[in-house]
Structures are given as C-alpha cells and as structure tokens.
Amino acid sequence: MKSYKAKMVEPIELPSREEREAALERAGYNAFNLDARDVYIDLLTDSGTGTMSAEQWAAMIRGDEAYAGSESFARLAESVRDVMGFEHVVPTHQGRGAENVLYGVLLEDGDVVPNNSHFDTTRAHIVNQGAEPVDCPSPAARDPNSTESFKGNFDIDAGYALVEEVGADAVPVVVLTITNNSVAGQPVSMANIRATAEFARDIDAMFVIDACRFAENAHFIKTHEAGYENRSVAEIARAQFEHADAITMSGKKDALVNIGGFAAMRDETVFEHAKQRAILYEGFPTYGGLSGRDIEAMAVGLREAVTPPYVSDRVEQVAELGDLLVEAGVPVYQPTGGHAVYLDAGEVFPHIPKDEFPGQELVCALYLEGGVRGVELGGFAFPGTDRPDLVRLALPRRTYSREHLEHVAETAAKVMDSAGEYGGLEIVEEPPMKELRHFSARLEPVSN
C-alpha cells in the first residue's frame with residue numbers, strides 16, 4: 001500500500017511509431033538529445049525528476065532570498081547536521097557543483113583516486129583536475145546473476161594493490177559511492193564503509209563519500225546486513241558518515257528536490273578553501289547558486305528521505321519494476337538496486353559487438369518500441385573501461401504508477417521478441433572530453 005497520494009498530475013501522450021522514428025533520427029540516436037515532449041515514460045535519470053511533497057512545497061513559501069546569511073541556508077545546515085552529522089556545509093547548484101568545489105581543493109595533477117566505481121561526472125571532475133580515476137569494484141559486481149546483497153562494495157585488496165603500484169603519496173583521496181550507481185545501483189555494506197575508511201586512514205588519504213543515494217543505501221543495510229534490522233533508517237543513514245571526512249551530495253536524488261546539492265566536510269581548512277572556490281563557481285557560500293526556495297525544499301527533503309514510509313516505498317517500487325521485467329523474460333542485473341533497474345544489453349543483443357554499442361542500441365530500441373527513455377552505462381558512456389553494456393532504467397521518485405511500470409516491461413518484451421532485427425551504432429560526432437561524450441554525441445546505424 002502506497003504511503004502517499006497524488007495532488008497534481010501532468011498529462012502524457014505516447015507519440016506514434018513514425019513520430020518516434022523521426023525524433024530518434026533527429027536526436028542522432030542519443031536519448032539525451034530527445035525532446036521531453038517526445039518521450040512517454042522518462043527513465044533517463046532519477047536526478048531532479050521526482051515529485052516533491054506537500055511539506056516541501058509549503059517550505060518553499062518561506063524561502064529567504066537574502067544573498068548573504070540566508071535563514072534558508074541555516075535550516076539546510078541544520079538538516080545536514082541532524083541527518084548526516086557534518087558541521088561544515090557548502091551549498092551548490094547540484095552534485096557536479098559539489099564535486100567541482102571539493103575535488104578542485106583536494107586534487108592536483110598526477111594524483112590517483114580510487115572509488116568503488118566512478119560515475120560519469122565524478123570521473124570527469126577528477127580527470128579535469130589532472131588526476132586519474134581508478135575503479136575498485138567488488139569482484140561480485142562482475143556477475144550480473146549473483147544474488148549477493150552488497151555488490152556495490154569497494155574492493156579493499158584492489159585498493160591496496162593500486163597503492164602498491166603508484167605509492168601512497170599519489171593517493172590523497174579515496175571515494176566511496178553509496179549506492180554504487182555504476183554497478184547497477186548496488187548497495188554498500190556498513191562493514192565495507194568502515195573498511196574503506198580504515199584503508200583511507202592507513203594510507204593517510206581523505207575519505208570522501210558520494211552521498212547522492214545515502215537513504216536508499218541505509219535501507220539496504222537495515223534489510224540485508226546482520227545487526228541493523230532493529231535500527232531505524234535515520235540512525236543507519238547517519239552512522240554511514242561517521243568515518244567520512246567529507247561528502248558530495250546531489251540533492252536531486254535523496255534530498256528529493258529538482259535542483260541543488262552541497263559538499264560537507266569536517267576539516268575547517270578544507271571548508272574555508274571550498275567556500276572560496278564556491279564563490280568563484282557557484283555563488284556566495286550561503287546560497288551556492290540556489291534560490292532560498294530551493295534550499296528550503298532540500299532542507300525538508302533530507303529529513304523526509306530517511307523516513308520509513310518514503311524510503312521503503314521507493315526501493316520496493318524499483319524491485320517491482322525489476323520483477324515485471326524478469327517475468328517478461330528480460331535479462332536484468334540481479335539483485336535490483338535502490339534507484340533503477342539495469343538491463344543486460346549484451347544478453348539482449350548478443351549479435352552486436354561491443355564496439356557497436358549494444359547498450360545504446362537497446363536504449364534506442366526501448367524508445368522506438370514504447371516511447372521509454374533510458375540511458376546506456378557501458379562502453380558508450382564510459383570509454384576506455386571494461387564495464388558491461390548495461391542500460392539503466394531510473395525511476396523518478398514518487399512519480400509513476402504500476403501501470404507505467406507494466407508498459408515499460410511490455411516494451412522491453414517487444415524488444416526481446418524482435419532483437420534480431422536490431423543492429424549496431426557508430427559515433428559520427430562527439431565532444432573533445434570523451435568522459436562526457438554520452439551527453440551530446442551523435443550516432444547512426446552501422447551500415448552493413
């Protein structure tokens with residue numbers, strides 16, 4: 001039984017097959033280039049696409065639009081202290097702003113940064129500082145059929161092997177992403193959070209948590225890790241950060257807002273440097289490129305995200321979509337994560353070679369068959385890596401109903417039925433920074 005009801009609706013319409021074909025061709029076979037009006041069910045991302053609560057909308061009315069010393073910022077800082085345990089907060093326009101602010105302070109040319117798995121903007125910001133991002137995923141992450149509960153974990157042995165290779169002095173920062181977006185949204189255990197913190201301390205590195213989906217991760221710890229079943233999600237959420245030196249946060253995920261983010265840290269010197277960088281790139285440190293209204297909504301959303309009715313509904317809806325897809329015979333990365341279901345494009349299109357982007361072809365096929373927009377997170381989005389060709393179907397928070405999920409499953413089943421009719425794609429235009437090419441590159445079908 002859902003713990004909320006709709007108070008506002010938006011009409012949506014499925015374009016005709018001919019309209020979808022024309023739209024996809026105009027978009028250069030890249031779902032990012034599609035107009036939203038041409039999409040029926042939009043699962044491109046869960047970032048900033050969800051539905052805010054009545055309490056969040058009410059809080060926006062009291063937004064303090066002061067340039068400096070905003071009361072709205074004071075309420076956000078209080079929420080961050082209460083929910084996450086950090087005293088020093090630098091607001092930013094979204095998560096990538098927080099990455100720019102923090103990593104611009106902590107990294108320099110030649111550094112090496114291990115992570116359980118870097119996501120696209122994290123990877124790009126590290127590269128932009130002249131540093132090298134290195135993935136250290138759990139060995140279980142490579143098996144899409146494994147039912148292990150915490151496949152998002154950081155591989156501590158791989159971390160030490162990296163340090164042995166490059167030297168501890170070259171590794172000033174260790175990052176842990178919870179949940180692990182690049183590994184099918186898989187959670188990270190509390191034991192692994194502690195172990196990663198110990199690894200960082202052992203090599204004298206700062207331990208940073210990418211906290212975008214911290215509440216979903218806490219829910220998985222409560223339901224799957226022994227010793228936490230009787231603790232609240234709010235208690236577990238805060239405990240995740242006890243050993244972290246700093247965090248980056250996109251409020252567009254588990255702060256339940258459409259825009260906003262922040263970096264938070266314990267070290268006052270890092271805080272002062274981050275504030276100065278924020279002034280340059282984001283805005284004054286008590287508004288960070290945001291309106292007071294947006295800050296108010298984020299302050300409320302952080303607290304709502306760790307309430308049991310919300311977070312259990314959220315994770316259960318993602319599992320529901322996963323179950324519907326499995327019942328339809330679609331190969332799904334197991335188990336389903338906290339914010340999205342990931343499809344195994346290599347299994348759907350075994351006849352398409354990796355260098356012809358089977359994941360991106362699956363994205364296009366889902367749109368053509370049912371107006372469903374997803375995103376590829378394989379060789380197209382992460383060039384130069386050996387990541388599997390996964391397609392992410394990310395559910396916006398508190399937005400779609402079961403009928404929408406059923407349409408997604410039916411669409412994927414149609415793709416499976418006609419899989420042999422699809423071919424590969426080739427890139428015909430891409431930006432200079434390949435780490436971000438999937439946002440704007442244009443492709444076309446491979447001519448056979």
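Q: Does Y160 count as buried, partly exposed or exposed at 34% relative accessibility?
A: The model is predicted, so local features need pLDDT of at least 70 and side-chain atom pairs pLDDT 80 or more, while totals for chains, interfaces and linings use all residues. Residues are numbered from 1 along each chain as its sequence is written, and side-chain values use heavy atoms, without hydrogens and water. Buried means under 20% relative accessible area and exposed over 50%, with partly exposed in between (1.4 Å probe, protein chains only). At 34%, Y160 is therefore partly exposed.

Q: How many aromatic pairs are there?
A: Rings of Phe, Tyr and Trp (its six-membered ring) pair if their centres lie within 6.5 Å. By this rule, the count of aromatic pairs is 10.

Q: What kind of pair do Y67 and F284 form: stacked, tilted or edge-to-face?
A: Planes under 30 degrees apart count as stacked, over 60 as edge-to-face and the rest as tilted. The ring centres of Y67 and F284 are 5.7 Å apart and their planes lie at 40°, so the pair is tilted.

Q: How many residues apart in sequence are the parts that Y67 and F284 tie together?
A: Y67 belongs to the loop between α2 (54-61) and α3 (71-84). F284 belongs to the loop between α10 (268-281) and α11 (292-304), so the pair ties together parts whose separation in sequence, in residues, is 217.

Q: What kind of pair do Y160 and F199 form?
A: The ring centres of Y160 and F199 are 4.8 Å apart. Their planes stand at 75°, so the pair is edge-to-face.

Q: Which helices hold Y160 and F199?
A: Helices are DSSP runs (H or I, at least four residues), numbered from the N terminus. The pair links parts of the chain 39 residues apart. Y160 lies in α6 (residues 156-166) and F199 in α7 (residues 190-202).

Q: Is F199 buried or exposed?
A: The relative accessible area of F199 is 1%. F199 is therefore buried.

Q: Which residue forms one aromatic cluster with Y67 and F284?
A: The cluster has Y67 and F284 among its members.

How values were computed: Helix = DSSP H or I, 4+ residues; strand = E, 2+ residues; numbered from the N terminus.
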